Amino acid sequence: MATELEQAGFTNRSEEELGGRWGMVVDQDLCTGCQACVAACSMENNVPFVGEEDAGYGRAMHWIRIERLWESTEYPEVKMTPFQPTMCQQCHNAPCEPVCPVYASVHSDSQDLNLQVYNRCIGTRYCGNNCPYQVRAFNWYDYTDARIRPELTTLQNQLNPDVTVRRRGIMEKCTFCIQRIHKAEDKAKSEGREVEDGEFTTACAQACPASAITFGRIDDPKSEVSRAATSSRGKHLLEELGTLPRVTYLAGGA
Amino acid sequence: MASYAKPLARQKHAEEHEEDPRQHLMHDPLPRGQMNAMVMESMRETGPIFWIITAVLAAFVVFALGYEWYVLIMQGQGVAGVTRPDYWGVFLVNTVFWIGISHAGTFISAILRVLKVESRRPFTRAAELMTTFGLVQAGLSIFMHLGRVWLTYWMFPIPNQRTIWPDFHSPLMWDLMAITTYLLCSTMYLFLPLIPDLAMARDRTQGGWLKVFYKTLALGFRGTEGEWKNLTTAMNIFAFAIIPVMFSVHTIVSWDFAMATRPGWNSTVFGPYFVIGALHSGMAAVAIVLFLLRSTMKHYKYFIRPEHFNTIGMLMLLVSMAWAYFYFNDYIVPWYGGDIWDKLFQEYAEEGPKWYLWYTMLICNIAVPWLILWNRKWRETPWLLALAGILINVGMYLERYIIIPVGVTINRMPFTWRQYEPRIEIPMTVGTFAFFLLLYMLASRLIPLIPVWEVQEGQEAHLIRKIGKAEISTLSEME
Amino acid sequence: MSEPITLLAMFEDIEPASEGVEKLQQMGVTDDDMNVISGIPVKNTILGRPAAITYVSRIGMFGAILGMFLGIFLIYGIPYLYPLLVGGQPIYPIPQGIIITFEMTMLGLMGFSFIGLFVDSGFPSYTPQKYTPEISDGKVALLFSCPVNEQEKFIDALKNAGAVTVAPVEARHL
């Protein structure tokens with residue numbers, strides 16, 4: 001869905017910049033706010049449990065969060081806005097990337113995704129400050145270290161072996177389940193073909209009982225996600241900032 | 001002897017105030033040997049209170065910057081008050097604050113030297129020490145906020161076997177380059193005029209480790225024509241070159257915030273606003289330091305006189321007006337409307353839970369200088385100027401506190417808003433102040449804090465001449 | 001010719017020192033054989049001496065150019081060797097180029113001026129040198145060499161010009 005200026009033919013951006021390779025569509029009219037995506041993402045990506053006290057201070061490290069906002073009315077006239085699952089928007093012009101002094105947050109040319117290199121991060125947290133969507137999480141402690149937190153000993157068994165377990169001092173965020181992307185790309189490469197849309201999906205899209213999240217190859221015009229992204233209900237979050245996000249939100253009913 | 005007589009401007013007031021030019025340091029010369037003896041004596045003689053205070057400061061520094069920092073590193077940034085979305089907190093405030101303090105030294109020893117303001121002569125070294133020690137604290141504070149501080153060396157552009165280099169797109173890298181340049185250059189600039197005074201100390205010390213210390217650092221300086229020519233040439237190059245570096249350093253620090261997309265931070269006026277803010281807090285800190293030196297060091301009442309406090313006071317007033325101008329610029333644009341998020345940031349600072357910080361900041365930064373510093377008698381009162389200096393520094397600290405920890409609360413995703421409360425940052429902040437004082441106290445024992453050769457140089461060039469019925473102070477250009 | 005001997009004449013102030021310099025020049029001591037040591041910098045024209053040559057500014061300029069090339073290498077050379085893409089910004093950015101080049105140029109200028117001082121003045125020098133500690137107390141000393149059998153003549157002339165003491169001086173540890 002193009003802006004008016006783009007429809008009028010005025011654009012200084014290429015097709016590639018506007019489109020991207022991997023995209024996601026979140027249908028807010030279908031989302032029930034059940035948080036299954038949050039749970040699935042945390043299990044898939046070894047997102048640590050921070051404990052009650054830290055979660056109360058806002059340090060919960062979920063890579064996707066369901067935003068619940070309501071318009072300022074008095075109880076009992078509470079009017080809620082649609083649930084807004086917010087994850088890393090994988091911006092093409094990501095503000096979090098140029099500000100990292102050590103190249104821990106870089107852009108992948110081949111996947112057109114925003115990469116977070118865990119072992120390079122030195123924890124300046126400038127990327128977190130600069131993300132307008134505030135989707136970046138920081139490891140304030142060694143949350144996954146069973147030596148410090150013995151209650152986690154058995155939970156170590158459920159860690160996903162495909163994903164790094166992060167130490168303290170490292171920034172992390174949604175990666176569009178890049179471990180799944182890599183697995184599918186490797187399989188496709190060994191069979192000598194391109195990855196097809198629908199071969200795999202992200203954990204959040206997989207878990208959603210309402211099928212509110214769709215993921216796939218947005219540059220493939222036949223894919224479900226590119227058809228959904230061009231819907232007239234579609235919008236981007238904070239579009240005025242020019243970050244060119246790869247996540248489209250559908251809202252507005254009908 | 002070529003001379004260019006320049007009646008000092010204050011002669012107009014001198015008649016009204018019936019001021020005797022002989023009250024000024026430049027017209028009250030003592031034999032150089034006597035001045036040297038006074039400075040050396042003030043370094044040697046000290047009471048037990050000095051050492052008690054030093055011991056207390058050292059113990060606190062070991063606790064705050066040793067033990068607490070150890071806890072911070074080993075447990076993680078979680079022991080500090082930072083969270084999502086308040087990723088930056090008091091450690092960044094401290095960094096900006098200490099870099100601000102450090103700008104005063106360069107202002108006095110470089111800008112006042114270039115402008116040939118003679119009353120700078122006795123306190124250039126005290127100010128330059130503030131620069132070096134302030135930058136040490138700023139460096140420590142920036143390391144404190146890093147999540148994996150043991151990997152800081154990845155920010156240095158050194159060839160390595162990983163063939164990964166730092167990213168110069170990032171304002172933090174410009175920070176590294178600028179602060180390193182500034183630290184190295186201001187330390188060199190501190191050392192250059194210190195060489196002849198170290199030679200004096202070497203000549204007046206008979207033996208022991210102090211003699212070895214002075215002899216090594218004095219580099220064998222004798223005072224030959226060639227040595228003086230090289231030294232003054234180098235000093236002139238530094239004086240002119242370090243001024244743009246000083247401006248660039250705090251501008252680059254301000255760009256850490258201005259380059260961010262956060263509402264309230266993304267302002268184009270931040271560059272000059274921060275530079276003037278740095279001068280504001282720096283000049284105020286100089287007033288405090290001069291007051292402390294004059295009251296505690298023996299014989300310093302000869303060197304640091306009310307006229308010097310007057311100069312500092314006038315500069316403080318001038319800078320406070322410039323600061324008010326820039327702050328008003330930064331305030332009126334969001335106030336006028338346009339971006340609701342910027343306006344929200346302003347309203348949150350003024351009316352939110354920390355509203356009292358905002359009011360205190362305005363009172364300390366604007367009302368205090370504008371009420372106190374107009375009166376010359378008040379400017380010349382050391383303790384009053386030092387008190388104004390303390391209040392201005394409180395105000396400037398609050399200014400940075402409002403920009404950073406209060407400012408990070410507001411962003412474009414209201415679901416994430418959360419207020420910041422400092423935790424381990426408090427003792428570590430006090431630790432940096434204690435460390436600054438400790439370094440200063442140790443320096444006062446080791447190096448002469450008054451550049452006696454510059455004072456004598458100035459005294460040689462000043463003369464009182466009778467023109468008509470008046471006694472006029474004249475300054476010869478002997479360089 | 002008899003051997004030259006180095007004498008040190010001590011003056012209280014700049015005026016008598018300049019008289020002494022003039023006396024020595026009249027008596028045939030070349031400017032190269034004379035040196036004035038003082039506790040504050042005195043302009044050469046005040047003393048009647050030729051201008052001292054300094055290489056510090058030239059070394060400083062050289063350092064500035066080195067610094068500029070270092071800055072250009074950091075900001076453009078490194079991304080040329082190891083390009084990495086970051087959000088929406090060119091690989092060879094111009095504003096960052098200005099900032100880094102400026103900082104490194106200034107660092108080079110000042111760093112090399114500092115080194116230039118060391119190199120040009122022969123710092124640090126801990127070998128024995130001809131000096132007297134009273135110079136740091138504000139006296140002005142005139143160091144000159146003359147033939148050893150004529151030293152009486154020189155000593156008397158300088159004493160008449162206002163020298164406090166005139167005596168042969170040995171190099172000693174400072």
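The radius of gyration of chain B, taken over C-alpha atoms, is 24 Å, which agrees with the value near 23 Å that a compact globule of 479 residues would have (the globule rule is 2.2 Å times the number of residues to the power 0.38). The model is predicted: local features need pLDDT of at least 70, side-chain atom pairs count only at pLDDT 80 or more, and totals for chains, interfaces and linings use all residues. Residues are numbered from 1 along each chain as its sequence is written, and chains are lettered from A and ligands numbered from 1 in the order in which they are written.

The C-alpha trace of chain B spans about 75 × 55 × 45 Å along its principal axes. Chain B contains 17 helices and two strands (DSSP runs of H or I, at least four residues, and of E, at least two, numbered from the N terminus). Of its 479 residues, 51% are buried, that is, with 20 or more other C-beta atoms, placed from the backbone, within 10 Å of their own.

Helix 9 (residues 270-296) and helix 11 (residues 306-336) of chain B pack with their axes 9 Å apart and at an angle of about 155°; axes are lines fitted to C-alpha atoms over the stretch in contact, and angles run from 0 to 180 degrees between N-to-C directions. The two helices of chain B are therefore roughly antiparallel (over 145 degrees).

Between chains, 52 residues of chain C are in contact with 52 residues of chain B, contact meaning C-beta atoms, placed from the backbone, within 7 Å. Helix 4 of chain C gives the most to this side of chain C, with 17 residues.

Note on methods: Parallel < 35°, antiparallel > 145°, perpendicular 65-115°, else oblique. Contact = placed C-beta atoms within 7 Å. Buried ≥ 20, exposed ≤ 12 C-beta atoms within 10 Å, placed from the backbone.
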